Amino acid sequence: MEKRLSIWIDDEIERNMPLSQSIIMEKARRICNYIQVEASDISETFVTSRGWFNRFKHRNNLHNIKITEEAASGDTKAAAEFLATLKTIIEQGNYPPELVSNVDETGLFWKRMPKRTFLSREEKRAPGFKAAKDRLTLLLGGNASGDFKLKPLLVYHSKNPRAMKGTSKSTLPVIWESNKKSWITMKIFQDWFTELFCPSVKRYCEIKKLE
């Protein structure tokens, strides 16, 4: 199994494909299962573990290097200052936790490649490759008491992806929107706020008997 795994790793490196520990361990499991199918007289059960991986890495002179790096920084000072402002608004309005809501957006790189890869000791760096950047944006939110969660808003670059053919978007566990850059634009946010957020909060308040 390890011999086949080593050959596969070499092939993936030649194709400029980054390899993480989890990817290598999953491939080891698949190879082992395939070998057991080939030779029906093998009954031994192979379990991948961190210990096995470290031994395999040592036997095959693999080392882990970073191949890509992205950094993003927010305005932490403004965020810290806003906490006091928000607290004042809540106290002056006498808002209970049920009526204090928060939403935030996050990017989901659903085909993102690993940031690190394993190479043999003889190789000092990984060759360049074009990392997949297929992404979408999610807007998630809920209230401070934790008993009210909004249906997530999903923004993708395609309005009707091929994989969604024949699927009604109304049946999805998300609100589906689209634009070329998969961004939450002002119009998308305003439509979401008036057509989803406000009606959802109103229904919640009626159930909880809140103003």
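In the predicted model, leucine 139 stands opposite leucine 153, a residue of strand 5. Strand 5 is joined on the one hand to strand 4, with which it runs antiparallel through three bridges, and on the other hand to strand 6, with which it runs parallel through four bridges. Within the latter pairing, tyrosine 156 has serine 178 of strand 6 as its bridge partner. The side chains of strand 5 are divided between two directions, Leu153 and Val155 pointing one way and Leu154 and Tyr156 the other, and all of these residues are buried.

Strands 4 (135-143), 5 (153-156) and 6 (175-178), together with strand 2 (101-109), are among the elements that cover the buried residues of helix 5. This helix comprises residues 186-208, 23 residues in all, and spans 31 Å from its first C-alpha to its last, which is close to the 33 Å expected at 1.5 Å a residue. The buried residues of the helix are Ile188, Trp192, Leu196, Phe197, Ser200, Val201, Tyr204 and Cys205. In an α-helix there are 3.6 residues a turn, so residues three or four places apart point the same way. Lysine 209, which follows helix 5, has a positive phi, near 55 degrees.

Elsewhere in the chain, asparagine 33 is found in helix 2, which covers residues 21-38, and is partly exposed, with a relative accessible area of 45%. Asparagine 33 lies 13 residues from phenylalanine 46 in sequence, and the C-alpha atoms of the two residues are 8.7 Å apart in space.

Key: Residues numbered from 1 in each chain as written. Predicted model: local features only at pLDDT ≥ 70, side-chain atom pairs only at ≥ 80, totals over all residues. Heavy atoms only, no water. Expected span 1.5 Å × (residues − 1). Buried < 20%, exposed > 50% of the residue type's maximum accessible area, 1.4 Å probe, protein only. Contact = heavy atoms within 4.5 Å. Pairing = 2+ DSSP bridges.
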